[in-house]
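Q: I have a sequence and a set of coordinates, and I would like to learn to read them one feature at a time. Could we go through the structure together?

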Amino acid sequence: MMQIRERIDSLKGIGPKTAALFEKLKIYTIEDLLKLYPRTYLSYDEPIPISEAEPGKRTALRAVIQSYVDIKKVRNLKLVTCTVKDGTGSVKMIWYNSPFLKQVFHIGQTFIFVGSISIRNHQFQMEHPEYYTLPQYEKLIASLQPVYPLTEGLSNKTVSKAVTGALSCIGQIKDNVPKEVQEQFSLMPLEDAVAGVHFPQNRQQLMKCRNRLVFDEFFWFLVHMHQMREKTIKAQNRFLITDWKEAEQFIKNLTFELTKGQKEAVEEIKEDLSGDTVMNRLIQGDVGSGKTAVAEIALLAVVKNGYQAAFMAPTEVLAMQHFEGIQRDFEPFGVRTALLCGSTKLSQKRRIYEDLQNGEIDIIIGTHALIQEKVIYKNLALVITDEQHRFGVRQRAMLSGKGTDPHVLVMSATPIPRTLAIIMYGDLDISVIKDVPAERKPVKNCVVGPKYRPTAYKFMMEQINEGHQIYIICPMVEASENVEAENVLEYQESLIEFFPKEVTISYLHGKMSSEEKNSIMRDFADRKIHILVSTTVIEVGINNPNATVMMIENAEKFGLAQLHQLRGRVGRGDAQSYCIMLCSSDRKEALERLNILNTSNDGFYIANEDLKLRGPGDFFGVRQSGDILFQLGDIYNNADVLKQADAAVTYLERKGFPFETIDTGNHISQVQL
Ligand code: ADP
Ligand code: MG
């Protein structure tokens with residue numbers, strides 16, 4: 001008998017050549033093949049009358065052959081045509097290089113044609129339709145045909161056949177989900193689910209099978225999260241932070257009073273840092289809610305208790321900003337700080353490494369550079385990451401691994417619904433800062449068309465005359481990666497023509513070196529620049545309270561959560577701020593979408609709407625960060641299954657299940673951590 005672990009060339013019809021093609025898809029064994037799930041399914045619907053066919057849509061027609069099959073030579077092509085009809089209309093069928101069809105179609109016979117209708121010279125036509133006899137189609141109609149991920153040279157038919165062969169091993173699939181969970185949650189047998197996902201009888205059955213597989217994906221992921229939590233959260237607190245005198249002083253020195261939300265977050269952090277187990281906390285707060293101040297309080301307390309702390313930001317510009325802010329704010333407290341980024345000069349990096357190891361640096365601020373292997377800390381007690389949604393779970397774990405279980409504080413402006421939080425931050429406690437500083441005026445918004453641009457510029461001029469500063473997010477050109485720089489430059493030049501000479505206009509884009517970026521950001525902070533034209537590099541966390549206008553070109557091309565982040569760059573000081581969203585599309589949906597932002601400044605509401613519209617993939621920029629990829633599961637659409645998997649893990653927890661005995665490695669290989 002064939003074994004599930006055998007290589008796929010033991011399947012009939014698969015030779016070394018085909019096996020090599022499968023390897024490109026990372027399919028080596030029969031088991032791999034069984035887990036190559038269809039990308040989608042083709043369905044065969046009931047035929048419809050020709051008169052009801054919609055151009056461009058996959059359609060099945062039941063029609064009678066009306067004309068002889070005609071074969072014409074056009075250049076090197078053999079053009080095969082024939083006309084078919086039903087009681088409601090006729091369609092011209094077209095094939096290329098298939099002269100044998102002359103033997104297939106005869107006047108008066110009925111066939112089912114499946115394809116997409118187009119209109120040419122006022123006539124319906126279908127190019128290269130599939131065709132079936134009535135009995136053939138009867139069989140197809142109820143089923144769903146799997147469509148597999150492919151690679152060049154490998155056809156869907158070949159994969160489909162191979163999978164059919166592999167199904168003889170289906171009984172050998174091992175279901176590792178604990179028996180008690182299988183029973184308690186009435187899971188269908190894993191082997192039925194796998195078989196059913198390849199060749200479902202109908203949609204309903206497909207959903208059931210899929211749900212079982214999605215359950216497994218979520219379940220193993222959550223078990224893994226649980227294991228991480230056991231390892232990290234329950235770790236003993238070796239850095240007891242008990243002396244809060246200087247931190248209290250710092251709070252007194254602030255030019256503002258902390259908001260209620262900030263105070264609560266600080267209290268929770270205090271409790272964590274002086275508790276038995278280490279802190280693993282996420283602070284969620286809308287843009288401008290003042291998360292940095294909370295972070296600073298924690299940093300100062302840790303340092304004043306004799307330990308080191310690290311503060312990691314997703315971009316160099318942001319790291320730089322935090323570095324300067326912390327230097328300034330901690331000046332009276334005699335704290336030794338340093339900045340470490342990818343672009344830091346090698347000689348300086350070496351010095352910093354040394355100083356960190358010797359304990360000559362109290363707070364290190366930087367980007368991913370902080371978690372490189374070379375960095376060794378003397379006594380790292382606290383790690384803070386800002387705008388966490390840009391960091392993967394793995395990076396967070398790596399940073400924790402730097403010390404002996406340091407306290408971890410994660411700050412994010414992205415409000416996430418509870419189901420998503422289970423996946424993203426399942427191993428963290430959560431504090432939410434619900435309020436923004438009271439004296440702050442809500443940003444005034446408008447959504448306008450390109451015609452409004454000159455008016456917007458005039459308005460900006462008035463704001464500049466009042467001493468304020470402006471951000472403009474540059475238009476996005478298709479495939480903008482490479483033309484990004486050019487694009488920003490061109491736009492800046494067009495602005496120079498419009499504004500008087502005294503107005504300083506600078507630009508910022510992702511292709512600039514970090515030094516350039518940093519120096520521009522510093523000039524902007526020092527008010528030497530009036531208008532900053534930028535790509536979205538400024539999206540995350542930049543803080544210049546004097547900026548009062550944010551204009552976003554091509555606003556329709558951004559996600560709502562991202563627009564909200566961009567808008568969050570203004571409205572950070574006492575003056576009234578404005579966000580001008582320039583929409584270059586007159587599609588109704590585009591305007592409706594932007595209108596959500598126009599009418600709300602509430603990040604939680606907006607994020608939820610955005611999530612509804614786009615799903616979590618785009619929402620979190622998953623494609624870039626590789627953060628939460630499941631093969632089948634979709635955290636938003638399969639929220640029910642996610643809850644069920646969460647319940648299963650909780651159920652096991654209650655029963656004292658020995659999670660540490662489970663090796664999740666095999667099961668979550670599809671998930672990028
Ligand atoms: P975010 O939560 O988006 O990271 P920041 O921490 O950058 O926000 O804070 C935004 C601005 O609000 C900063 O200029 C900061 O000094 C100011 N700020 C923070 N807390 C308060 C407060 N309680 N009252 C007034 N202003 C505050
Ligand atoms: Mg911030």
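Q: What should I know about the model and its numbering before going on?

A: This is a predicted model, in which local features need pLDDT of at least 70 and side-chain atom pairs count only at pLDDT 80 or more, while totals for chains, interfaces and linings use all residues. Residues are numbered from 1 along each chain as its sequence is written, chains are lettered from A and ligands numbered from 1 in the order in which they are written, and side-chain values use heavy atoms, with hydrogens and water left out.

Q: How many helices and strands does the protein have, and what share of its residues counts as buried?

A: The secondary structure comes to 22 helices and 22 strands, and 53% of the 673 residues count as buried. Among contacts between residues at least 6 apart in sequence, 74% join residues at least 24 apart, where contact means heavy atoms within 4.5 Å.

Q: Where is Ser186 placed, and is Ser186 buried or exposed?

A: Ser186 sits in the loop between α5 (179-184) and α6 (190-198), and at 63% relative accessibility it counts as exposed. The phi of Ser186 is near 40°, a positive value in a residue other than glycine.

Q: How do I read the packing of two helices, and at what angle do α9 and α10 pack?

A: Two packed helices are described by the angle between their axes and the distance between the axes. Axes are lines fitted to C-alpha atoms, for helices over the stretch in contact, and angles run from 0 to 180 degrees between N-to-C directions. Helix α9 (residues 260-273) and helix α10 (residues 291-304) pack at about 30°, with their axes 10 Å apart, and α9 and α10 are therefore roughly parallel to each other. Angles under 35 degrees count as roughly parallel, over 145 as roughly antiparallel, 65 to 115 as roughly perpendicular and the rest as oblique. The contact is made by Gln262, Ala265, Val266, Ile269 and Leu273 of α9 and by Ala293, Val294, Ile297, Ala298 and Val302 of α10. These residues divide into 9 nonpolar, 1 polar and no charged, with Ala, Val, Leu, Ile, Met, Phe, Trp, Tyr, Cys and Pro counted as nonpolar, Asp, Glu, Lys and Arg as charged, and the others, Gly among them, as polar.

Q: How do the axes of α10 and α11 cross?

A: The axes of α10 and helix α11 (residues 316-330) come within 11 Å and cross at roughly 60°, and these two helices are therefore oblique to each other. Thr292, Glu296, Leu299 and Leu300 in α10 meet His322, Gly325, Ile326, Asp329 and Phe330 in α11, a contact whose residues divide into 4 nonpolar, 3 polar and 2 charged.

Q: How do I read strand pairing, and in what sense do β3 and β4 pair?

A: Strands of a sheet pair through backbone hydrogen bonds, either parallel or antiparallel; two strands pair if DSSP finds at least two bridges between them. Strand β3 (residues 70-74) and strand β4 (residues 77-86) pair in the antiparallel sense over 5 bridges, with Asp70 opposite Thr81 in β4. The two strands form a hairpin with 2 residues between them, and Arg75 in the turn has a positive phi of about 45°.

Q: What is the strand order of the open sheet of 6 strands?

A: The order is β17-β22-β21-β18-β20-β19, with parallel pairing, and the edge strands, each pairing on one side only, are β17 (444-448) and β19 (505-508). The twist averages 15° from one strand to the next. Within the parallel pair of β18 (residues 469-473) and β21 (residues 547-552), the bridge partner of Ile470 is Val549 in β21.

Q: Is His468 buried or exposed?

A: His468 is buried, with a relative accessible area of 14%, and lies in the loop between α15 (453-465) and β18. Leaving aside its neighbours within four places in sequence, His468 is in contact with Gln463, Asn546, Thr548 and Ala575.

Terms used
Helix = DSSP H or I, 4+ residues; strand = E, 2+ residues; numbered from the N terminus. Buried < 20%, exposed > 50% of the residue type's maximum accessible area, 1.4 Å probe, protein only.
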